[in-house]
Amino acid sequence: MPKTDISSLFPNELEDFLRELSEKEGVKIEKFRASQIFSWLTKGVSDFSEMKNVPASLREVLERNAYIALPKIKTKLVSKIDGTVKYLFELYDGECIESVFMRYEHGNTVCISSQVGCRMGCTFCASTLGGLKRNLTPSEMTGQIIAAQNDTGEKISNVVMMGIGEPLDNFENTIKFLELVNLKEGLNIGMRHISLSTCGICEKIKELADMGTQITLSVSLHAPDGEKRKKLMPIAKKYSLDELMDACRYYTEKTKRRISFEYSMIKGENDTRECAEKLKNLLSGMLCHVNLIPLNRVKERAYEKSERQTIEEFSSVLERAHITVTVRRKLGSDINASCGQLRREHTKDIKA
Ligand code: SAH
């Protein structure tokens with residue numbers, strides 16, 4: 001029987017697991033051990049031997065039947081400008097992912113990955129260059145937060161799912177992750193402190209809406225019309241812009257939460273005055289916010305970022321129509337803190 005990914009279990013599932021182990025191994029395991037073990041896992045132990053108040057005999061049983069999928073730091077870059085930390089984490093099976101730790105006034109935030117690679121194929125993104133390797137388990141998602149928290153020694157209060165991967169393409173694990181991270185006896189991070197960014201998988205946006213989660217939904221729009229969007233994002237061939245906007249409206253109606261539209265500013269592609277006007281018309285009257293992201297140049301891609309002045313002009317067209325806009329402040333610019341490129345470099349090194 002394969003070993004169980006123990007940190008992906010809810011406390012009640014952990015109790016059931018211990019009961020099964022007790023029958024299988026013919027040993028007595030008290031019920032309260034489940035909460036002891038859960039608490040050690042939340043603290044971020046990487047080995048059962050570290051669970052000091054758990055008897056050695058039970059630790060041995062656990063060792064034989066389960067594993068702890070805590071990501072290990074493989075590379076760590078610290079920004080000299082603002083202290084942002086970028087991690088390349090190694091997973092249980094040797095695959096690598098990236099996470100970024102950022103300090104904001106409203107608290108420490110970690111940007112986590114949801115998949116090893118990505119199959120969405122956005123033409124400006126580094127994470128998708130090698131395709132999708134596999135989904136992350138819930139524990140590999142919570143593990144990024146725990147590992148960053150332990151390494152920095154600072155409590156993390158906010159999580160953004162904007163690293164490598166498409167969270168809604170790994171829906172079940174993402175939902176379980178959100179529930180785990182929210183547990184009082186676990187990391188205890190409230191839903192309103194979590195943002196999830198999606199390229200726009202419409203039926204999953206609606207499913208999230210039906211679940212009534214209070215997370216902040218970010219939708220990667222990047223173009224004001226279907227044709228331009230198809231050029232940048234293959235997902236736009238599957239769902240039309242109308243379908244996407246319908247799903248977004250459904251989300252805001254159901255949850256009463258404002259959607260944040262991500263719009264990467266790419267020179268000559270989506271940053272013209274005409275694009276700004278179209279975007280204004282598309283979004284006017286919607287409960288939303290626009291986040292303009294100066295493109296982060298990826299060397300394998302031909303795109304360039306928009307000029308500062310162009311971004312300002314684009315932004316004022318929206319503001320004049322009373323659409324709230326922010327231009328993303330780039331943290332960790334000296335360590336290239338956007339996701340996908342560190343893993344890409346590492347994967348290339350292995351292949352070379
Ligand atoms: N799959 C999710 C999360 C991706 S990363 C999604 O598509 O939303 C988070 C954001 O960064 C997305 O808006 C994504 O489109 C954007 N992004 C990816 N590569 C970028 C780049 N090179 N420059 C600027 N933004 C980029």
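**Reading a ligand shell and its salt bridges**

Modeller: In this predicted model, a nitrogen atom of the ligand is 3.0 Å from a polar backbone atom of glycine 165. Phenylalanine 124 also has a polar backbone atom, 3.1 Å from a ligand nitrogen. For asparagine 296, a backbone N or O atom lies 2.8 Å from a nitrogen atom of the ligand.

Biologist: How much of the ligand's accessible area does the protein cover?

Modeller: On its own the ligand has 530 Å² of accessible area, and the protein covers 89% of that. Strand S10 (194-198) and strand S12 (259-265) are the elements that give two or more residues to the shell.

Biologist: Which residues come nearest to the ligand?

Modeller: Of the 17 residues around the ligand, these are Ser197, Ser220, His222, Ser264 and Asn296. Sorted by class, the shell has seven nonpolar, eight polar and two charged residues.

Biologist: How should I read a salt bridge?

Modeller: Side chains of opposite charge can pair when their charged atoms come close. Here the side chains of aspartate 169 and arginine 119 meet in a salt bridge, 2.7 Å from N to O. Aspartate 169 lies in the loop between strand S9 (158-161) and helix H5 (171-182), and arginine 119 in the loop between strand S7 (115-117) and S8, so the pair ties together parts 50 residues apart in sequence.

Biologist: Is aspartate 169 buried or exposed?

Modeller: Aspartate 169 is buried, because its relative accessible area is 17% and the cut-off is under 20%. Arginine 119, at 57%, counts as exposed.

Biologist: How many salt bridges are there by this rule?

Modeller: The count comes to 25.

Methods: Residues are numbered from 1 along each chain as its sequence is written. This is a predicted model: local features need pLDDT of at least 70, side-chain atom pairs count only at pLDDT 80 or more; totals for chains, interfaces and linings use all residues. Side-chain values use heavy atoms; hydrogens and water are left out. A residue is near a molecule or strand if one of its heavy atoms lies within 4 Å of it. A polar contact is a pair of N or O atoms within 3.5 Å; within protein, one must be able to donate a hydrogen and the other to accept it, and residues adjacent in sequence count only if both atoms are side-chain atoms. Accessible areas come from the Shrake-Rupley method with a 1.4 Å probe; for residues, only the protein chains shown count as cover. Helices (H or I, at least four residues) and strands (E, at least two) are DSSP runs, numbered from the N terminus. Ala, Val, Leu, Ile, Met, Phe, Trp, Tyr, Cys and Pro count as nonpolar, Asp, Glu, Lys and Arg as charged, and the others, Gly among them, as polar. A salt bridge is a side-chain nitrogen of Lys or Arg within 4 Å of a carboxyl oxygen of Asp or Glu. Buried means under 20% relative accessible area, exposed over 50%, partly exposed in between (1.4 Å probe, protein chains only).
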